[in-house]
Number of protein chains: 2
Amino acid sequence: MAPFSFSVEAQDAASRAGVFSTPHGEIQTPAFVAVGTQATVKSLAPSELQEIGAQALLANTYHLMLRPGAETVKKLGGLHRFMGWNGPVVTDSGGFQVFSLGWGITHGVGKIGGIFPEEADRAVRIKDAEEARPRLCEIDDGGVTFRSHIDGTLERLTPERSMEIQEALGADIIFAFDECTSPLHDYAYTRQAMERTHRWARQCLQAKTRDDQALFGIVQGGEFRDLREESARVIGGMQFGGFGIGGALGKKKSDMHMILDTVIPFLPQDKPRHLLGIGEPEDIFDAVERGIDLFDCVIPTRLARHGVALTKDGKLVLSHRAFSEDSRALEEHCPCYACKEFSRAYLAHLIRTNEILGLRLLSIHNLHFIFKLMRDIRASIVNGAFQDFKREFLEYYYQKRAALA
Amino acid sequence: MAPFSFSVEAQDAASRAGVFSTPHGEIQTPAFVAVGTQATVKSLAPSELQEIGAQALLANTYHLMLRPGAETVKKLGGLHRFMGWNGPVVTDSGGFQVFSLGWGITHGVGKIGGIFPEEADRAVRIKDAEEARPRLCEIDDGGVTFRSHIDGTLERLTPERSMEIQEALGADIIFAFDECTSPLHDYAYTRQAMERTHRWARQCLQAKTRDDQALFGIVQGGEFRDLREESARVIGGMQFGGFGIGGALGKKKSDMHMILDTVIPFLPQDKPRHLLGIGEPEDIFDAVERGIDLFDCVIPTRLARHGVALTKDGKLVLSHRAFSEDSRALEEHCPCYACKEFSRAYLAHLIRTNEILGLRLLSIHNLHFIFKLMRDIRASIVNGAFQDFKREFLEYYYQKRAALA
């Protein structure tokens, strides 16, 4: 039996409920992959991730190649064993960190320029990116040369080297090395980068040697409809095990919708589709509606580290005075450890005193919230009720959020 | 039945194996009480503490009176419910933070001046203390006036107010309000502070209203033998539910031994004795040998936050290059989660990348190590083999430590 298979079990218009089988178990899709940049989902233990329903984790090639080094991880038995996670693991190509974080800083933009509702979160995102910014980034047709943000060491990533590193890390799902452009790049540059990405995609397919890893290609093309279509035709026509949609998703939500509407028809029906780096509930709904199967995003854990809880009533800022004597659970009926055992007042106290347990408990809750949302979305697809569920959820989410603001 | 009882089940010379019953369960002594300053043992959840064998937790009155406030904790059902810990809880009197941390900074000394082997740990200790230093501290015979280190609010602690706060917090074991002097205070001042402490002790006994809390008196007297004897006679003669030995324990380990040898004969045999703020393995052995039943100390969790693991081979500094490809468990045969599931190399990676999971796992291991040490000490007392166990443990601990240095 092939180590990978993807079957669509139900479809509701374009949205799909699938099962993606990997050598380390199945992923029920649509699924949210929790981000563990440094081979750890910030503040959480694998046992907790399992308990709250995590199906798969994504670690960052860029960070791990620099520290502890891919060969070290390989010697220690590969990422699964290294981080104590026996479920499916994903690594990205390294491209996003090398290029996009650098651009993001330079131009002060994120993955979708200007659509983020929380300025505070955005400032944090940019600050985090600054810390991880490569100090130099020179692109040529062969690859990219950069300096480590840790110690200034000169490093080079090429399609072949990205494959070599990702094979050493040993994730189940790996990504082709791509050039990720910023929303501020012009058409000509975006085309040039896209064409380079297409050449690199072929090189990655050729360089790949392991059969127990699924290689995903990445569609680029920025916010330009014709480039996205061209990239989807080219990448979608290659023999990848799945497809990522990467790069800048435009300046507003409608740009992301246009990009998904443009790209998805050209991707094979029988392979999973991963929208890279997106994870706000409203974006998840909009993307699932168009046929996306996989997501990854740091938002649930990043919000937690800044004292913000995701609930069906919208986002709660725990440091708000209103919570300091609130003896209720964070979210009524939520079965997660944070909600079962503690009050909003205690969580607020932990956040105000900068106690680690506070961000741990919010990370548990926020990821549980997103995993449950994905399960509920999947069930609604199976029941042919995706649109109803989307409308109900978002109406309530926004209505309450407006009330809290 | 009285809510508190203390029975000595076995004795080996002066060392005692006891059972201290509280309204929230029994404490098998000698015991190490984990410190949870802000009503949380840094980085750990109550479920983890239970799993690694924590018997009781100590929270700091000074910190909690300022934030979230004792009345808030009371409204939320008291400390046990607030922090989700159903076992015995201890609060200190507030005196140590108000006085001693202030003095400690001013003079650059800790609880035992000059005996700490790890300068790095010491620097950290002083830095932590600085952050929590009250901004003003004026003592009179009625109490102490100080400014909150958080927002500068003028606060006052008196024996009566300390009792009121500790009753509102609702711990099982509470402490009389005392004046804690520095090793740099002279004889005359130390006597004056001791006499004030004795008057305050009587006031605390009178002010106490709850029957479900055991009030412990605190013996002071600095490093002066005659003052320690006088304080032990006076405090030991009052109707306390137990006794703490507080304040400066001198400039070297032999001073601490002298103080314990002086004080303990004057304390009632039928009450538990708590050596405040001490927790290095060698000090625990020396104190248990002299008849101490209870300890509390931040060392296991503080070392963890700085990447240091307690093992029977001494202290391991995980950031050391030697561990970066070490696939062995932190400590062979240790059943804690950190040792069962992860390698030294992974822990070293987490510490180097400042990932929270690293200090969490080391906190789990270090506290497990100390709790197990206390259980082993207790068993050795029951078996009449305390001296043998002490010799074996410390020989190995120091021999290996020397080898690692």
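**Close-up views of a predicted model**

**View 1. P68(A) sits in the loop between α2 (61-66) and α3 (70-75) of chain A.** This is a predicted model, so local features are shown where pLDDT is at least 70. The peptide bond leading from R67(A) into P68(A) is cis, and its omega is near 10 degrees. For orientation, most peptide bonds are trans, and most residues other than glycine have a negative phi.

View 2. P30(A) belongs to the loop that links β3 (25-29) with β4 (31-35) in chain A.

**View 3. S43(A) has a positive phi, near 80 degrees, although S43(A) is not a glycine.** You will find S43(A) in the loop between β4 and α1 (46-51) of chain A. Is S43(A) buried or exposed? S43(A) counts as buried because 24 C-beta neighbours lie inside 10 Å.

**View 4. In chain B, A39(B) is a non-glycine residue with a positive phi of about 65 degrees.** A39(B) lies in the loop between β4 (31-35) and α1 (46-51) of chain B. A39(B) has 28 C-beta neighbours inside 10 Å and therefore counts as buried.

**View 5. Three strands of chain A form an open sheet in the order β7-β8-β9, with antiparallel pairing.** At the edges are β7 (137-140) and β9 (154-157) of chain A, each of which pairs on one side only. Ignoring direction, neighbouring strands of this sheet are turned by 15 degrees against each other on average. If you follow β7(A) and strand β8 (residues 143-147) of chain A, you can trace four bridges in the antiparallel sense. As a landmark, D140(A) has G143(A) in β8(A) as its bridge partner.

**View 6. Strand β12 (residues 242-245) of chain A is covered on both faces.** Which residues of β12(A) lie on each side? G242(A) and G244(A) are on one side, F243(A) and I245(A) are on the other, and all of them are buried. Strand β11 (residues 214-219) of chain A runs parallel to β12(A), and four bridges join the two. V219(A) has I245(A) in β12(A) as its bridge partner. Strand β13 (residues 273-275) of chain A also runs parallel to β12(A), joined to it by three bridges. Within that pairing, G244(A) stands opposite H274(A) in β13(A).

**View 7. A right-handed β-α-β unit is made by β11(A), α9(A) and β12(A).** From β12(A) the chain crosses through α10(A) to β13(A), and this β-α-β crossover is right-handed.

**View 8. Helix α9 (residues 225-236) of chain A meets helix α10 (residues 253-263) of chain A, their axes coming within 8 Å.** A pair of packed helices is described by the angle between the axes and the distance between them. In this case the axes cross at roughly 35 degrees, and α9(A) passes α10(A) in a right-handed crossing. Which residues meet where α9(A) and α10(A) come together? From α9(A) come R225(A), R228(A), E229(A) and A232(A), and from α10(A) come M258(A), I259(A), T262(A) and V263(A). Sorted by class, this contact holds four nonpolar, one polar and three charged residues.

Definitions and conventions
Residues numbered from 1 in each chain as written. Chains lettered and ligands numbered in written order. Predicted model: local features only at pLDDT ≥ 70, side-chain atom pairs only at ≥ 80, totals over all residues. Axes fitted to C-alpha atoms, helices over the stretch in contact; angles between N-to-C directions. Left-handed = near helix turned anticlockwise from the far one by under 90°. Contact = placed C-beta atoms within 7 Å. Nonpolar A, V, L, I, M, F, W, Y, C, P; charged D, E, K, R; others polar. Buried ≥ 20, exposed ≤ 12 C-beta atoms within 10 Å, placed from the backbone. Pairing = 2+ DSSP bridges. Right-handed = clockwise from strand over helix to strand, strands pointing away.
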